[in-house]
Amino acid sequence: MSEVPAELRYTKTHEWVRDNGDGTLTVGITDHAQEALGDIVFVETPEAGRQVDAEETCAVVESVKAASDIYAPLGGEILEANAALTDTPDAINTSPYEEGWIFRLAPGDPDALEGLLDAAAYEQIAEDEA
Amino acid sequence: MLIHDQSRPGRRARAQAPRQAPAMTEIPEDLRRRAPPPLPAVSEMQVVRHYTRLSQQNFSIDTHFYPLGSCTMKYNPRACNSLAMLPGFLARHPLAPDSHGQGVLACLHELQEMLKAVTGMHAVSLAPAAGAQGEFAGVAMIRAYHLAQGDQGRTEILVPDAAHGTNPASAVMCGFTVREIPTGGDGDVDLAALEAMVGPQTAGIMLTNPSTVGVFERNIGPIAARVHEAGGLLYYDGANLNAILGKVRPGDMGFDVIHMNLHKTFSTPHGGGGPGAGPVGVCERLEPYLPVPLVAFDGETYEWQTERQRPDSIGWLTAFGGNMGILLRAYVYARMLGREGMVRVSEFATLNANYLLARLRAAGFEAAYPARRASHEFIITLKREARELGVSAMDFAKRLLDYGYHAPTTYFPLLVPECLLIEPTESETKEDLDGFVEAMIAIRREAEEDPEKVKGAPHDQPVRRLDEVRAARQLDLAWKPSTGSEKGDG
């Protein structure tokens with residue numbers, strides 16, 4: 001089964017969210033998502049400074065099978081994108097929760113993080129899809 | 001090996017015609033080439049062998065069963081080719097006056113009329129040179145219509161997630177924002193989700209019916225009513241028209257604008273990228289916006305109509321009148337079928353699909369929508385085989401090549417895991433369909449007994465399994481002259 005770290009928050013659309021403890025969040029796609037997509041060949045990352053709404057498309061991950069939109073889990077400002085993904089998009093396959101992070105976000109409302117799925121709830125969704 | 005790699009300086013295909021090319025003294029010095037173009041220098045025999053060998057390596061509808069879902073790879077009747085290549089058609093200059101082309105214009109006008117009749121639309125333009133261009137034209141007309149009403153607030157196009165990938169792309173190309181509607185577990189559009197999204201900002205909805213999951217959208221009536229009530233328009237993607245040809249008309253379902261893929265439904269050659277033809281049909285209120293040129297007929301003579309007669313047109317999409325050779329092939333096909341034949345196309349296409357689905361299910365393969373009857377295509381999911389045997393849909397697809405069958409469409413639509421989208425078309429015999437089922441059963445047996453054989457397929461093809469990941473990450477699309485010191489490896 002795919003890995004679902006307990007300390008992270010999740011979305012129904014298979015993004016994971018890490019609370020960095022300094023008012024910023026890091027976002028990527030889950031192990032389950034990278035497995036379903038297969039070998040990632042290209043990642044389009046958002047520009048720093050962009051304002052996004054919750055559930056707004058802000059990145060695209062392209063695999064040999066499909067191109068998938070990545071949604072902002074919460075509204076806020078994009079602080080930084082993972083520039084290393086340009087050359088090594090496969091980091092999302094090999095290390096979805098560490099090297100494969102996609103962008104960092106300063107949420108408009110940090111408390112909204114509590115509204116996202118916890119690991120148990122996400123695991124249920126991933127299982128239902130498998 | 002590319003033909004360029006066989007090139008030797010000075011070698012030419014002129015053994016039987018040793019005459020020198022005339023000196024180009026009439027052409028000014030500064031307009032002449034300084035070096036010859038980098039064409040391969042090969043003998044005539046080498047050219048013949050090279051391209052014959054390539055054609056033998058090709059998997060095509062002329063040599064193999066080709067059940068590529070969503071693509072309608074059916075037989076391309078030879079009569080269509082022969083007649084479209086009559087010298088009067090081939091040699092006509094596109095700038096020749098209408099009076100010198102009444103025959104070809106009559107054919108095109110009749111094709112417009114036949115497409116109108118079989119789709120239930122008010123008017124048809126043959127101009128778009130591909131399905132995607134037809135979609136672009138269709139959405140551009142939706143935009144032009146709303147703007148002409150002074151309705152600038154309609155910024156969204158609704159697209160079900162079972163849509164063709166080109167649908168959202170076409171909407172975005174025309175400046176719209178795409179809202180995705182989920183598909184319910186039975187394959188129909190989720191009406192509650194539609195209700196939540198439709199409103200005064202809705203420019204239209206793009207639907208394929210039957211949808212890309214291979215089932216007929218049963219809610220088309222309520223969907224059309226709801227979208228129209230909100231002031232939006234309905235776009236019909238004709239990708240799957242083969243399933244309903246002559247049986248149900250998009251115009252009667254409430255669609256305002258449609259495109260047809262003549263290279264699918266009307267059996268013109270395709271695969272390998274072209275050329276296509278994607279005529280568009282519209283309801284009465286969209287007629288002024290049709291792309292030009294159109295052929296008009298006043299009862300005596302045929303003439304091209306351009307923006308001069310149709311000032312509100314969205315404009316030209318190609319030089320001249322679209323892909324003429326393809327339009328003529330489709331015209332001959334439609335003439336050969338007639339009204340009765342069109343119905344037989346959809347009847348046999350759906351019969352073949354349902355027979356194939358029934359046999360595969362009886363053999364233990366899992367249908368993605370078991371409660372639904374197939375249209376002209378259907379989906380099986382190999383997620384159980386992937387989980388229990390470690391053999392994926394892609395492995396099955398590759399192994400099918402060794403058995404002499406082109407693979408069905410794999411991993412599309414995206415919402416069904418490990419799927420094969422299978423479309424046999426009306427062209428195939430029962431024996432061919434049975435042979436495909438036997439191959440699928442044989443491959444599953446191999447997957448149980450010797451999975452490496454399936455995972456390593458294909459074994460008997462001109463190339464083994466390609467490294468798709470490397471190909472996508474290191475794009476290498478253009479031929480470069482060899483430096484002589486290295487062997488090409490691609």
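Me: In which sense, right-handed or left-handed, does α5(B) pass α6(B) in their crossing?

Reply: First, a reminder that this is a predicted model. The crossing of α5(B) with α6(B) is right-handed.

Me: What else describes a pair of packed helices, such as α5 and α6 of chain B?

Reply: Two packed helices are described by the angle between their axes and by the distance between the axes. Here helix α5 covers residues 131-148 of chain B, and helix α6 covers residues 166-173 of chain B. They pack at an angle of about 45 degrees. Their axes are 9 Å apart. That angle makes α5(B) oblique to α6(B).

Me: Which residues of α5(B) and α6(B) meet?

Reply: On the α5(B) side they are B:Gly131, B:Ala132, B:Glu135, B:Phe136 and B:Val139. On the α6(B) side they are B:Thr166, B:Asn167, B:Ser170, B:Ala171 and B:Met173.

Me: Let me try another pair. At what angle do α4 and α11 of chain B pack, and how far apart are their axes?

Reply: Helix α4 (residues 102-119) of chain B packs against α11(B) at about 45 degrees. The axes are 10 Å apart. These two helices are therefore oblique to each other. Now look at the handedness: α4(B) and α11(B) cross in a left-handed way.

Me: Which residues of α4(B) meet α11(B), and which do they meet there?

Reply: From α4(B) come B:Cys107, B:Leu108, B:Glu110, B:Leu111, B:Met114 and B:Val118. They meet B:Leu327, B:Leu328, B:Ala330, B:Tyr331, B:Ala334 and B:Met342 in α11(B).

Me: Now a loop. Where is B:Phe320 found?

Reply: B:Phe320 sits in the loop between β9 (302-305) and α11 (324-362) of chain B.

Me: Why does B:Phe320 count as partly exposed?

Reply: Count the C-beta neighbours. A residue is buried with 20 or more of them within 10 Å, and exposed with 12 or fewer. B:Phe320 has 13 inside 10 Å, so it counts as partly exposed. Look along the chain too. B:Pro94 is 226 residues away from B:Phe320 in sequence, yet their C-alpha atoms are separated by 6.6 Å.

Me: How many C-beta neighbours does B:Ala439 have inside 10 Å?

Reply: B:Ala439 has 18, so this residue also counts as partly exposed. Its place is in helix α14 (residues 430-449) of chain B. Leaving aside neighbours within four places in sequence, B:Ala439 is in contact with B:Leu400, B:Tyr403 and B:Tyr405. The C-alpha atom of B:Phe396, 43 residues apart along the chain, is 9.8 Å from that of B:Ala439.

Me: Let us step back. How many helices and strands are in chain B?

Reply: Chain B has 16 helices and 13 strands. Its C-alpha atoms fill a box of roughly 75 × 70 × 45 Å along the principal axes. Of its 490 residues, 43% count as buried.

Me: What does the radius of gyration tell me about chain B?

Reply: Compare it with a compact globule. For 490 residues, such a globule would have a value near 23 Å; chain B has 25 Å, which agrees.

Me: And chain A? How many helices and strands does it have, and in what order do they run?

Reply: Chain A has three helices and nine strands. From the N terminus, the order is β-β-β-α-β-β-β-β-β-α-β-α. A compact globule of 130 residues would have a radius of gyration near 14 Å; chain A has 13 Å, which agrees. Buried residues make up 41% of chain A.

Me: How do I read the open sheet in chain A?

Reply: Start with the pairing. Strands of a sheet pair through backbone hydrogen bonds, either parallel or antiparallel. In chain A, six strands form an open sheet in the order β1-β2-β3-β9-β8-β5, with antiparallel pairing. The edge strands are β1 (9-10) and β5 (51-52), each pairing on one side only. Inside this sheet, three bridges join β3 (residues 25-29) to β9 (residues 103-107) of chain A. One partner pair is A:Val27 and A:Phe103.

Me: Which strands does β6 of chain A pair with?

Reply: Four bridges join β6 (residues 57-63) to β4 (residues 40-44) of chain A, and the two run antiparallel. β6(A) also pairs with β7 (residues 67-71) of chain A over five bridges, again antiparallel. A hairpin of three residues joins β6(A) to β7(A). Follow A:Val60 across: A:Glu44 is its bridge partner, and A:Asp69 in β7(A) stands opposite A:Val60 as well.

Conventions. Residues numbered from 1 in each chain as written. Chains lettered and ligands numbered in written order. Predicted model: local features only at pLDDT ≥ 70, side-chain atom pairs only at ≥ 80, totals over all residues. Rg over C-alpha atoms; globule rule 2.2 N^0.38 Å. Pairing = 2+ DSSP bridges. Axes fitted to C-alpha atoms, helices over the stretch in contact; angles between N-to-C directions. Parallel < 35°, antiparallel > 145°, perpendicular 65-115°, else oblique. Left-handed = near helix turned anticlockwise from the far one by under 90°. Contact = placed C-beta atoms within 7 Å.
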